[in-house]
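The entries run from the overall fold to single residues.

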Amino acid sequence: MNAPLRLAHPPAISGSLLAFANVHKAYRSRDGRERIALDGVSFELASGEVLALIGSAASGKSAFASLAAGIEQPSAGVIAIDGAEIGAGGGRRDIALLGSRPDLPHSRPVREIVTERRERTLGATYDAVRKIDRLLDLLEIGDDADRYADELSDGARRKAALACALAAEPRLLILDEATSALDPEIEETFLAALSRVNAQTGVSILLITHDMTAVTALASRVLVLDAGRIVEQGATAKIFAHPAHAVTRRFAAAATGAVLPPFIVDKLSDTPSAGGRALVRLAFEGPAATKPVLTNVARELGFDLGIVAGSLGAAGGEPYGVLIVAAPADEPYFTAAVERLEDAGLGVEVLGFVA
Ligand SMILES: Nc1ncnc2c1ncn2[C@@H]1O[C@H](COP(=O)(O)OP(=O)(O)OP(=O)(O)O)[C@@H](O)[C@H]1O
């Protein structure tokens with residue numbers, strides 16, 4: 001077997017579990033045209049990290065997943081695990097991929113299926129029974145171990161598929177839309193299981209998804225992909241509180257619920273009118289998220305505020321929130337309020353004015 005190729009430029013990606021360095025992926029369509037799926041993508045994923053990749057349809061997410069999993073090879077650029085390039089077939093033992101459809105043989109017990117998946121990669125090990133029991137207990141499907149896959153509830157079947165993905169003790173779990181379109185209750189227990197797995201086994205997770213519930217629940221960092229390029233990245237709470245790119249703004253609105261209702265959008269004007277109100281997007285993140293800044297400023301300046309939309313919560317374990325409020329647009333109070341809120345660390349964006 002050939003030794004894995006060492007990267008020519010390890011300092012750029014040392015210390016990371018998975019790294020892309022200027023990765024391009026192009027496909028040739030049946031009509032002979034070239035389609036660029038990834039266009040110079042560079043990123044690093046640290047050991048133990050949960051990183052989300054979000055992006056619109058056809059932005060290159062599936063290509064990203066296939067390359068990261070070693071299923072396909074880049075057209076140009078380097079993909080590395082622990083600083084060593086993944087060649088064809090290399091590095092896959094450390095990586096598991098779970099998609100949106102549980103792929104389990106129906107007429108066999110869960111424990112047997114998971115054991116077979118483990119042995120396929122690791123062979124028979126003396127501690128296999130103990131390790132598999134511990135994994136099934138961690139996923140809270142220990143009681144289902146001897147049941148057939150087609151006898152399981154939807155939630156347990158998802159977790160059995162997750163157990164198969166984790167059976168060979170990968171260091172990186174790639175979830176390609178694996179939490180989308182789940183019943184909310186099933187999703188909650190599935191996300192809790194993923195969080196336990198990450199905390200207790202240290203497996204890194206690359207979450208490729210449209211599902212903002214999963215992103216805010218699990219990911220500490222987010223990459224935003226658009227037309228094959230990473231257009232924005234950062235800590236989840238920061239990205240959703242202060243989205244810069246149009247695609248990120250759309251996902252942030254879905255994550256926070258901070259969207260103006262259409263009947264207000266229709267009445268929005270660029271200029272204030274006497275006695276009218278300003279609609280303002282306020283983003284709280286970091287220390288400002290846990291202080292009653294808004295109440296204090298409103299009380300101090302003596303005006304009332306109406307909350308139009310939004311939510312306060314946590315993303316990647318950090319408190320954050322976005323609110324759209326209606327405040328009096330009269331000067332000088334309005335300018336003073338904006339200044340006070342910005343000084344207190346809030347992101348303030350005036351969306352427009354209504355009469
Ligand atoms: N096998 C292929 N042959 C030709 N073109 C492809 C192939 N796979 C992907 N593409 C093209 O590459 C681009 C990125 O596709 P990809 O499936 O990675 O996007 P995606 O973000 O996963 O989209 P979606 O969310 O809709 O699944 C698209 O223009 C797509 O048409």
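The entries below follow the order in which I consulted the model.

**Basis.** I worked with a predicted model, in which local features need pLDDT of at least 70, side-chain atom pairs count only at pLDDT 80 or more, and totals for chains, interfaces and linings use all residues. I number residues from 1 along each chain as its sequence is written.

**Overall fold.** I looked up the secondary structure and found eleven helices and 14 strands in the chain. Helices (H or I, at least four residues) and strands (E, at least two) are DSSP runs, numbered from the N terminus. Along the principal axes, the C-alpha atoms fill a box of roughly 75 × 50 × 40 Å. Of the 355 residues, 38% count as buried; a residue is buried if 20 or more other C-beta atoms lie within 10 Å of its own, exposed if 12 or fewer, and partly exposed in between, with C-beta atoms placed from the backbone. I then took the contacts between residues at least 6 apart in sequence, and 70% of these join residues at least 24 apart. Contact here requires C-beta atoms, placed from the backbone, within 7 Å.

**Domains.** The domain assignment gives domain 1 (10–253) and domain 2 (257–354); such bounds come from an automatic or database assignment. Their C-alpha centres lie 37 Å apart. I found twelve residues of domain 1 in contact with 13 residues of domain 2. Helix H7 (residues 236–241) supplies the largest share of the domain 1 side, five residues. By class, that side of domain 1 has six nonpolar, four polar and two charged residues. In this classification, Ala, Val, Leu, Ile, Met, Phe, Trp, Tyr, Cys and Pro are nonpolar, Asp, Glu, Lys and Arg charged, and the others, Gly among them, polar.

**Ligand shell.** Which residues surround the ligand? I listed Tyr27, Ser29, Arg35, Ala37, Gly55, Ala57, Ala58, Ser59, Gly60, Lys61, Ser62 and Ala63, where a residue counts as near if its C-beta atom, placed from the backbone, lies within 6 Å of the molecule. The shell divides into five nonpolar, five polar and two charged residues. Strand S2 (34–46) and helix H1 (61–68) each supply at least two of its residues, and H1 gives the largest share, three residues.

**Helix H1.** I checked burial along H1 and found six of its eight residues buried. These are Lys61, Ala63, Phe64, Ala65, Leu67 and Ala68. Glycine 70 follows H1 and has a positive phi, near 80°.

Domain 1 and domain 2 each contribute at least three residues. Leucine 206 touches Leu45, Leu51, Leu53, Ala68, Leu172 and Ile174, when residues up to four places away in sequence are not counted.

**Threonine 248.** I located threonine 248 in helix H8 (residues 246–256). Why does threonine 248 count as buried? It does so because 23 other C-beta atoms lie within 10 Å. Leaving out residues up to four places away in sequence, threonine 248 touches Val224, Glu232, Ile239 and Pro243. The C-alpha atoms of threonine 248 and valine 231, 17 residues apart along the chain, are separated by 8.7 Å.

Notes. Two residues are in contact if their C-beta atoms, placed from the backbone, lie within 7 Å.
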